[in-house]
Amino acid sequence: MPKIALPMGRRVQRIGYPQAVQELKLQTQKLLGLSNDVTISVSELTCREPGCPDVETVVAILRDGEKPIIARIHKSIPDVTLDELKEALDLRLRT
């Protein structure tokens, strides 16, 4: 489905974004065995710099008093697979 660019860099979201965000949060919670009090943020960013991917999904795990864990996947939110999420989280936890 083509995306429509709007002024100020905003895009029209495709159908299914809220469900895909919720699914990524649940998958992240299960993969890392996180409790319900841990905040998981899922967002999609665009980049206009040369060499930067057009869009990326950012999964952030936020705990009180700890440095956030941030995983990046170079796809839009609904296109992220479980294997890609596992790989991105695994890479972040090893560094």
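Analyst: Helices (H or I, at least four residues) and strands (E, at least two) are DSSP runs, numbered from the N terminus. Please keep in mind that this is a predicted model, in which local features need pLDDT of at least 70 and side-chain atom pairs count only at pLDDT 80 or more, while totals for chains, interfaces and linings use all residues. Residues are numbered from 1 along each chain as its sequence is written, and side-chain values use heavy atoms, leaving out hydrogens and water.

Now to your helix. H1 covers residues 17-32, which makes 16 residues. From first C-alpha to last it reaches 22 Å, close to the 22 Å expected at 1.5 Å a residue (the expected span is 1.5 Å times one less than the number of residues). Just after H1, glycine 33 adopts a positive phi of about 60°.

Which residues of H1 are buried? They are Tyr17, Ala20, Val21, Leu24, Gln27, Thr28 and Gln29.

What does the helix lie against? The protein has 2 helices and 3 strands, and from the N terminus on they run α-β-β-β-α. The 3 strands form an open antiparallel sheet in the order S1-S2-S3, where strands pair if DSSP finds at least two bridges between them. At the edges are S1 (39-46) and S3 (69-73), each pairing on one side only. S1 and S2 (residues 55-62) pair in the antiparallel sense over 8 bridges, and valine 42 stands opposite valine 59 in S2. H1 packs on this sheet and touches S1 and S2, with its direction at about 130° to that of S1. Here axes are lines fitted to C-alpha atoms, for helices over the stretch in contact, and angles run from 0 to 180 degrees between N-to-C directions.

Contact means heavy atoms within 4.5 Å. Setting aside neighbours within four places in sequence, valine 42 is in contact with Val21, Leu24, Lys25, Thr57, Val58, Val59 and Ile77.

Some of these names return in the largest nonpolar core: of its 18 residues, Leu24, Val42, Ile61, Ile77 and Leu85 touch the most other members. Such a core is a set of buried Ala, Val, Leu, Ile, Met, Phe, Trp, Tyr and Cys residues joined through side-chain atoms within 4.5 Å. H1, S1, S2, S3 and H2 each give two or more residues to this core, and the largest share, 4 residues, comes from H1.

Finally, have a look at glutamine 27, which is also in H1. Glutamine 27 counts as buried because its relative accessibility is 16%. Apart from neighbours within four places in sequence, glutamine 27 is in contact with Leu82 and Leu85. Helix H2 spans residues 82-94 and includes arginine 92. Arginine 92 has 34% relative accessibility, so this residue counts as partly exposed.

Key:
Buried means under 20% relative accessible area, exposed over 50%, partly exposed in between (1.4 Å probe, protein chains only).
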